[in-house]
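Subject: A structure for you to look at

Hello,

Here is the structure I promised to pass on to you. Please open it beside this email, so that you can find each part as you read.

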Amino acid sequence: MSAHEPVIGVEIHVQLSTRTKMFCGCELSFGDPPNTHTCPVCLAHPGVLPVVNEEAVRRALLIGLALGCEIAPRSIFHRKNYFYPDLPKAYQISQFDIPICGRGEFRALREDGSELVVGITRAHLEEDAAKLTHAGGRRAGAAESVVDFNRGGTPLVEIVTEPDLRSPSDVALFLRQLRQTLLFLGVSDCSMEEGSMRADANVSIRPVGSQELGTKTELKNMNSFRFLERGIEAEIARQEEIVAAGGRVSQETVHYEPDTGHITSLRSKEESHDYRYFPEPDLVPIAPDPAWVEELRAGLPELPLPLRMRMVGEMGLSAEDAEVLTERPELVAYFMEAAALADPKACANWIRGELRAQLREVGVEPWQSKVTPAHVAALVGLLDAGTVTVPAAKEVLAEVIASGGDPADVVESKGLGAMDEGDLAAIVAEIIAANPDQAQQLRDGKDKVIGFFVGQAMKGTGGRADPQSVQRLVREAVRGD
Ligand SMILES: [Zn+2]
């Protein structure tokens with residue numbers, strides 16, 4: 001066993017899905033032809049002046065309020081200087097020592113019900129750099145690189161955590177639940193694949209029981225939570241090996257290669273003085289009206305964690321149900337509408353189970369489908385009343401997905417109503433008579449053969465037989481022979 005514990009903090013960059021860029025009127029675009037959303041401001045022509053996007057400030061405040069951050073009465077922008085082709089000004093407008101959102105705290109729920117509390121150091125506003133594409137391999141071996149300035153100037157909020165995380169799985173859990181919160185706030189589409197949410201991890205190890213922080217390395221820009229989790233695992237293992245061999249971890253930026261599982265060093269990490277931060281002279285401080293901040297606080301939506309606790313506590317759902325259903329705000333709204341009309345637990349089972357499974361085949365989410373929450377509630381009601389069996393209900397659902405028809409009408413028009421006991425007993429008797437060998441096996445105590453009879457009864461009734469009733473009727477009939 002390792003006598004070291006990992007100490008991990010994360011930095012998350014979230015692209016805000018505003019209509020326009022952070023400091024100019026260019027529209028945000030994803031997937032448009034390169035360099036079609038640019039202007040003298042985001043291309044850094046001489047003499048131009050940036051203007052702050054008020055909507056970006058509003059969204060940064062929403063994030064800060066949801067993370068319980070102290071909102072700075074007055075924050076300022078800084079210039080972060082570095083020279084790279086993705087940055088036409090040769091500095092990025094960011095925030096440094098007076099960010100818009102200060103200390104806060106984020107609570108996440110683990111699967112076992114325990115709480116993960118992560119301190120938030122700060123959340124600040126900045127602009128994104130342009131997008132570089134390296135042709136013919138990775139950066140070092142690229143034959144040529146091209147730059148697309150469409151992304152340059154996109155509003156970003158960078159969220160920085162305290163080094164409060166102790167395992168790669170907790171990092172993944174934290175990021176998943178933070179992402180949910182951001183989706184509920186409607187501030188970003190938080191797509192890891194498209195790069196609108198990116199996470200870096202600062203990783204160090206220290207002897208168990210020590211309060212001091214070891215030398216950290218920075219694991220850059222992973223585009224999925226799973227890769228980030230694996231990358232942190234690999235980096236912890238690498239650091240443990242170095243220390244076990246009597247070496248010292250050096251401060252550097254590292255890259256994880258998902259294909260090989262290897263960690264490679266990119267460069268020695270910059271210190272903040274390398275960036276020669278100084279106050280941006282072209283922008284006035286952000287001093288949000290306290291009344292506005294309070295209005296935003298009062299208007300925050302119900303966030304995933306309290307919502308999940310309410311679903312488990314008041315609605316009788318499992319922690320897992322609640323986690324799945326709060327994945328997306330649209331899904332929560334859909335579930336809540338159904339649960340207001342029928343048993344919440346049954347609605348949860350049908351929505352996260354059969355409905356999503358059937359819709360996955362056609363690549364549609366529940367709220368985009370022809371199945372309304374009222375349809376789900378109606379189906380649950382039909383099952384509850386014994387009007388349909390579970391297999392028939394699945395068939396009804398498939399028909400509602402295709403046609404958008406009312407479940408009760410579908411049951412009627414397709415003849416999917418549950419069979420009455422007398423008709424079912426007659427069919428069971430026929431099946432037993434036609435399969436004397438299997439009937440004998442059952443008599444001989446080979447209980448598994450009951451599944452054969454249930455299958456035959458389902459086939460013979462088009463799924464309208466209740467499996468439990470079939471089992472009972474077969475046993476009664478065979479014993480009664
Ligand atoms: Zn522009």
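Below is what was found in it, part by part.

First, some ground rules. The model is predicted: local features need pLDDT of at least 70, side-chain atom pairs count only at pLDDT 80 or more, and totals for chains, interfaces and linings use all residues. Residues are numbered from 1 along each chain as its sequence is written, and side-chain values use heavy atoms, with hydrogens and water left out.

Of its 13 residues, 10 are buried, so strand 5 is largely enclosed by the rest of the structure. Buried means under 20% relative accessible area, exposed means over 50%, and partly exposed is in between, using a 1.4 Å probe and protein chains only.

Strand 5 pairs with strand 4 (residues 104-109) in the antiparallel sense over 6 bridges; two strands pair if DSSP finds at least two bridges between them. Across this pairing, Ala108 stands opposite Leu116. The hairpin of the two strands has 5 residues between them, and Gly113 there takes a positive phi near 90°. Strand 5 also pairs with strand 8 (residues 155-161), antiparallel over 7 bridges, and Glu127 has Pro155 as its bridge partner in strand 8.

The nonpolar cores

Which residues have the most contacts inside the largest nonpolar core? They are Leu125, Ile159, Phe174 and Phe335, in a core of 102 residues. (A nonpolar core is a set of buried Ala, Val, Leu, Ile, Met, Phe, Trp, Tyr and Cys residues joined through side-chain atoms within 4.5 Å.) Helix 2 (residues 168-185) gives the largest share of this core, 9 residues. Domain 1 (4-293) and domain 2 (302-414) both contribute residues, so the core lies between them; the domain bounds come from an automatic or database domain assignment. Apart from this core lies another, of 18 residues, including Val428 and Ile431.

Leaving aside neighbours within four places in sequence, Phe174 is in contact (heavy atoms within 4.5 Å) with several residues, among them Phe106, Leu116 and Val118.

Aromatic pairs

How many aromatic pairs are there? The count comes to 6. Rings of Phe, Tyr and Trp (its six-membered ring) pair if their centres lie within 6.5 Å; planes under 30 degrees apart count as stacked, over 60 as edge-to-face and the rest as tilted. The ring centres of Phe23 and Phe77 are 5.5 Å apart and their planes stand at 80°, so this pair is edge-to-face. Phe23 and Phe77 are 54 residues apart, and both are buried.

Tyr82 and Tyr275 form another edge-to-face pair, at 6.1 Å centre to centre and 70° between the planes. Tyr82 is partly exposed, with a relative accessible area of 26%, whereas Tyr275 counts as buried at 17%. Ring pairs link Tyr82, Phe96, Tyr275 and Tyr277 into a cluster.

In the pairing of strand 2 and strand 13, which has 2 bridges, His78 stands opposite Pro279.

Enjoy exploring!

Key:
Helices (H or I, at least four residues) and strands (E, at least two) are DSSP runs, numbered from the N terminus.
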